[in-house]
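Colleague: I am new to reading protein models, and I would like to learn how it is done. Could you take me through one, feature by feature?

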Amino acid sequence: MSPIVRSARRRLRRTLSLARDAVVGRHVEATIETIARLDRRWPVFSSAVEFVAVEGIPGDIVECGVFTGLSLALLAHAHLRREPETPRLIVGFDAFEGLPPSTDEHPMWKTGSLSVNAWDHPLLPIGEPVTPDATRRLFAMCGLPEPRLEVGWFADTLRATVPSSISQIAVLHIDCDLYESACDVLQGVRPALQDGTIVLFDDWFLFKGNPSKGESRAFGEFLAEQSEWDAVPYRTYGTCGRAFILSSR
Amino acid sequence: MRLASRRGRHGRGDLVRQLIRRGARTLRDLAIGPDEVPIMTQIIRRDDRASTFMCALDYINYERIPGDVLEFGVFTGLSLAILSQGHAFDPKGMDRRFVGFDSFAGLPSSADAHARWQPADCATNHGWHPRLPFGARVTPEVTRDLFAACELPEPELHVGAFVDTIARVVPSRHPAIALAHLDCDLYESTRDALEASAPALQDGAMLMFDDWFHYRGNPRKGQSRAFSEFLSAHPEWIATSYRTYATFCHAFILSRR
């Protein structure tokens, strides 16, 4: 095809598209697809959920540190868009009171930080208080079924639900920044871990990448004091993220 | 309630608008012909591994690792085509042949049972392909046709079991390997491919394992087991992790001690 014909066709195609948009309105991307496109962690959330589906890892998708619900919604979306054969609960744990005190000092994250929204969100303006309701409304807006939210400090809420109502975990997203919180999470989820569970640490390289601080210190200690699991490095992702696969020894 | 399906995603108004949009698109395509997205562009957009393949080709070309690009487990030719395209973009003066090994008879049996892959899987197409319908038989012609449609130089395909075909052409016909893409799922196949390639592997060669994290990431099964045994048997090589990519994949650089 000659370049002139090709360019004429392209122009005609564009005109027809504009005419169509004028009649029926522009195509609007679904909210969750926009969130996915803008979130650098999305490819790894999607891979993690594909991994547990293909490998047949049983259990639920659990997030510790929900904040405004964006990553929990992405995990739910990654799961549901595959039209899964295996039903899985989508569960978020958070106190919704901001960060608790920690022995690790960070230049940005202080006690009480993250009790109000700090990033772009389709529903919650920056500076507004972060509540469980923001996450519920986000799920509704994205056409996702309501997630289960366990409100309270990790040690308490995990003790109350694992393994009694959450007996197996396939994907665990740890997004709680601090050493102490990550320790509580890892102790709390222990009875539900599976051969092949993917553990995603959102804040692995926080504290200047120092392995004796934050989530990486907590995971290092967790691995050292047990002999049941090997941690197989999976992906590094986003700005600070690192994922592992737990493999039975 | 455990979530297995999504309901109430669109209201009725959305559905009507969507139908009108689809109708308008069909009419437009009938009038002026469908939008032509080049086949290779369609392939790259749909393949999570594409950017790593491009980086790997750039790496062997920048580092001037001599030799050919071999793929073990060709299936419908998509990954071999992306690798060949990666080279065609910018060969940096390196001359390479693109070579595929496959029995085209599906997976052989393995001592390790897998949750999803069974013997004879992969004899028919089970994924998106620009030229081959779902469920159609996978043959060497599919890959040749794909390369022709993408205007890539014809690849060399060696049809048969790895133990027979590789020994016949490596190192006699392919004395140097710059990059090996191991996309054969199983421990036994990966072991055979690595062992037969050993005499031609170059210092700095890239080894890309497509199925590294299968078997639930277990390091004592599948490709991970085959590579650790290979490294124990060949102390002349050190493996440096290059990157993990897509859902199941891991690439390494081999360095001579």
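This is a predicted model: local features need pLDDT of at least 70, side-chain atom pairs count only at pLDDT 80 or more; totals for chains, interfaces and linings use all residues.

Colleague: Thanks! How many residues of chain A and chain B are in contact?

Modeller: Contact means heavy atoms within 4.5 Å. Here 47 residues of chain A touch 36 residues of chain B.

Colleague: And how is the size of an interface given?

Modeller: Often as the accessible area lost when the parts come together. The buried area is taken with a 1.4 Å probe and summed over both parts. Between chain A and chain B about 3,700 Å² is buried, with carbon and sulfur atoms giving 49% of that. A:R13, A:R20 and A:E55 supply 19% of the area that chain A buries against chain B, more than any other three residues.

Colleague: How many salt bridges are there between chain A and chain B?

Modeller: A salt bridge is a side-chain nitrogen of Lys or Arg within 4 Å of a carboxyl oxygen of Asp or Glu. The count between chain A and chain B is 4. One side-chain pairing of this kind is A:R13 with B:D29, at 3.4 Å from N to O.

Colleague: Which element of chain A gives the most to the side that touches chain B?

Modeller: Elements are DSSP runs numbered from the N terminus: helices (H or I) have at least four residues and strands (E) at least two. Helix 1 of chain A gives the most, with 8 residues. The elements that give two or more residues include helix 1 (3-24), helix 3 (42-54) and strand 5 (193-201) of chain A. The residues on this side divide into 20 nonpolar, 12 polar and 15 charged. In that division Ala, Val, Leu, Ile, Met, Phe, Trp, Tyr, Cys and Pro are nonpolar, Asp, Glu, Lys and Arg are charged, and the others, Gly among them, are polar.

Colleague: Now the sheets. In what order do the strands of chain A lie?

Modeller: Two strands pair if DSSP finds at least two bridges between them. In chain A, 7 strands form an open sheet in the order 3-2-1-4-5-7-6, with mixed pairing. Strand 3 (148-151) and strand 6 of chain A stand at the edges with a single partner strand each, so one side of each has no neighbour in the sheet. Strand 4 (residues 169-174) and strand 5 of chain A run parallel, joined by 5 bridges; A:I169 has A:L193 as its bridge partner.

Colleague: Which strands of chain A does helix 8 lie across?

Modeller: Helix 8 (residues 214-224) of chain A lies across strand 4, strand 5, strand 6 and strand 7, at about 160° to strand 6. Such angles run from 0 to 180 degrees between N-to-C directions, with axes fitted to C-alpha atoms, for helices over the stretch in contact.

Colleague: What is the strand order in chain B?

Modeller: Chain B has an open sheet of 7 strands in the order 3-2-1-4-5-7-6, also of mixed pairing. Its edge strands are strand 3 (156-159) and strand 6 (237-245), each pairing on one side only.

Colleague: Is the peptide bond from A:V162 to A:P163 cis or trans?

Modeller: That bond is cis, with omega near 5°, and A:P163 sits in the loop between helix 6 (154-161) and strand 4 of chain A. In chain B, a cis peptide bond joins B:V170 and B:P171, with omega about 5°. Phi is another angle to check: for A:F67 phi is near 55°, a positive value in a residue other than glycine.

Colleague: Which residue forms a salt bridge with B:R49?

Modeller: B:D210 does, with the closest N and O atoms 2.9 Å apart. This pair links distant parts of the chain, 161 residues apart. Over all chains the structure holds 28 salt bridges.

Terms used: Residues are numbered from 1 along each chain as its sequence is written. Chains are lettered from A and ligands numbered from 1 in the order in which they are written. Side-chain values use heavy atoms; hydrogens and water are left out. Buried area is the accessible area (1.4 Å probe) that two parts lose on being put together, summed over both.
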